[in-house]
Amino acid sequence: MGECETTSLLERVAPVCPANGADYSAPTLIGRNLASFIKSGVHHLLEEMKGTSEFSKQDLAMRDFQMEDYDQVIEMWCTCGLPFRPNGRDSRERINEELGRPTALFLVAEFQGEIVGTLFGTTDGRKGWINRLAVRPELRRKGVAKMMIESMEARFEALGLEVFSCLIEDHSDSSMRLFEKIGYKDDPGVRYYSKRSKDGS
Ligand SMILES: CC(C)(COP(=O)(O)OP(=O)(O)OC[C@H]1O[C@@H](n2cnc3c(N)ncnc32)[C@H](O)[C@@H]1OP(=O)(O)O)[C@@H](O)C(=O)NCCC(=O)NCCS
């Protein structure tokens, strides 16, 4: 990897994290993850992807998230600008706890051993919910999210669920386009209300 590419990766990772998680210290995050991020061959990944218009199912491995993936996934959410709550429900402890519940179906997409996408599915007994959908910026528009959603839908169906849902912030144009493309219908009459318990972060 050339110096410029390294620098631009650094720039891409660094500024986003402090804004997202006041108490997930950037030095810790960057120190712990960036070295492995670079070492782990992201440049190789990018080289591989140059000129590839779309993944096929064989290129991507869909597998369950393991706790050992935590750092890599948090780094990826930072890079993707996905908000996360490092001291709340996205903390290592809370995710570990959540994975122990039958309602959690946390999927990652891997390309050549690198995590390139995440989708945290949850069920409430009636519906399957799509949360934490993110794809590495370099690998977007190659069908990764679509494949991950299809994979999650199959899991929901296997649990007897027939309705799949996703909450999308109204500025997230790419997400809206994506869900519309794959057959999800917007429900303009619905407003999202939520209530948090004392420590419900
Ligand atoms: C939204 C996101 C997950 C899409 O991932 P992706 O792998 O690029 O999506 P796909 O390649 O599977 O897209 C499938 C289709 O969705 C639509 N689509 C996806 N991104 C789009 C965009 N930016 N603009 C317009 N259409 C888009 C297209 O119709 C696309 O098919 P096409 O490329 O053949 O035209 C990705 O942009 C992302 O991680 N964004 C940041 C995090 C985020 O917003 N997450 C969603 C929270 S609900």
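**View 1. Ile115 and its surroundings in the predicted model.** Ile115 counts as partly exposed because 19 C-beta neighbours lie inside 10 Å; by the rule used here, a residue is buried if 20 or more other C-beta atoms lie within 10 Å of its own, exposed if 12 or fewer, and partly exposed in between, with C-beta atoms placed from the backbone. This is a predicted model, in which local features need pLDDT of at least 70 and side-chain atom pairs count only at pLDDT 80 or more, while totals for chains, interfaces and linings use all residues. Residues are numbered from 1 along each chain as its sequence is written. Ile115 has its place in strand E3; helices (H or I, at least four residues) and strands (E, at least two) are DSSP runs, numbered from the N terminus. Leaving aside neighbours within four places in sequence, Ile115 is in contact with Asp69, Gln72, Val73, Met76, Val108 and Glu110, where contact requires C-beta atoms, placed from the backbone, within 7 Å. The C-alpha atoms of Ile115 and Phe65 are separated by 9.7 Å, although the two are 50 residues apart along the chain.

View 2. Strand E2 is largely enclosed by the rest of the structure, because six of its eight residues are buried. Two strands pair if DSSP finds at least two bridges between them. Strand E1 (residues 61–64) runs antiparallel to E2 and is joined to it by four bridges, and Ala61 has Glu110 in E2 as its bridge partner. E2 and E3 are likewise antiparallel, with eight bridges joining them, and the bridge partner of Leu105 in E3 is Gly121. These two strands form a hairpin with two residues between them, and Gln112 in the turn has a positive phi of about 50°.

**View 3. The largest nonpolar core and the contacts of Leu107.** A nonpolar core is a set of buried Ala, Val, Leu, Ile, Met, Phe, Trp, Tyr and Cys residues joined through C-beta atoms within 7 Å. The largest one has 31 residues, of which Leu107, Leu119, Val144, Ala145, Met148 and Met152 touch the most other members. Two or more residues each come from helix H5 (70–80), strand E2 (104–111), strand E3 (114–123), strand E4 (127–135), helix H7 (144–158) and helix H8 (173–181), and H7 gives the most, with seven residues. Leaving aside neighbours within four places in sequence, Leu107 is in contact with Met62, Asp64, Phe65, Leu119, Gly121, Met148, Ser151 and Met152.

**View 4. Helix H5 and the residue that follows.** In H5, the buried residues are Val73, Ile74, Glu75, Met76, Trp77 and Cys78. Gly81 follows H5 and has a positive phi, near 70°.

**View 5. The shell around the ligand.** The ligand has 20 residues around it, and Arg140, Ala145, Lys146, Ser174 and Arg177 come nearest; a residue is near a molecule or strand if its C-beta atom, placed from the backbone, lies within 6 Å of it. E4, H7 and H8 are the elements that give two or more residues to this shell, and H8 gives the most, with five residues.

**View 6. Confidence along the protein.** The pLDDT, which is the predictor's confidence in each residue, from 0 to 100, averages 80 over the protein, and 71% of the residues score at least 70. Over residues 1–35 the pLDDT is below 50, and this stretch has 40 contacts in the model beyond near neighbours in sequence. Where pLDDT is low, the predicted coordinates should not be read in detail.

Terms used
Two residues are in contact if their C-beta atoms, placed from the backbone, lie within 7 Å.
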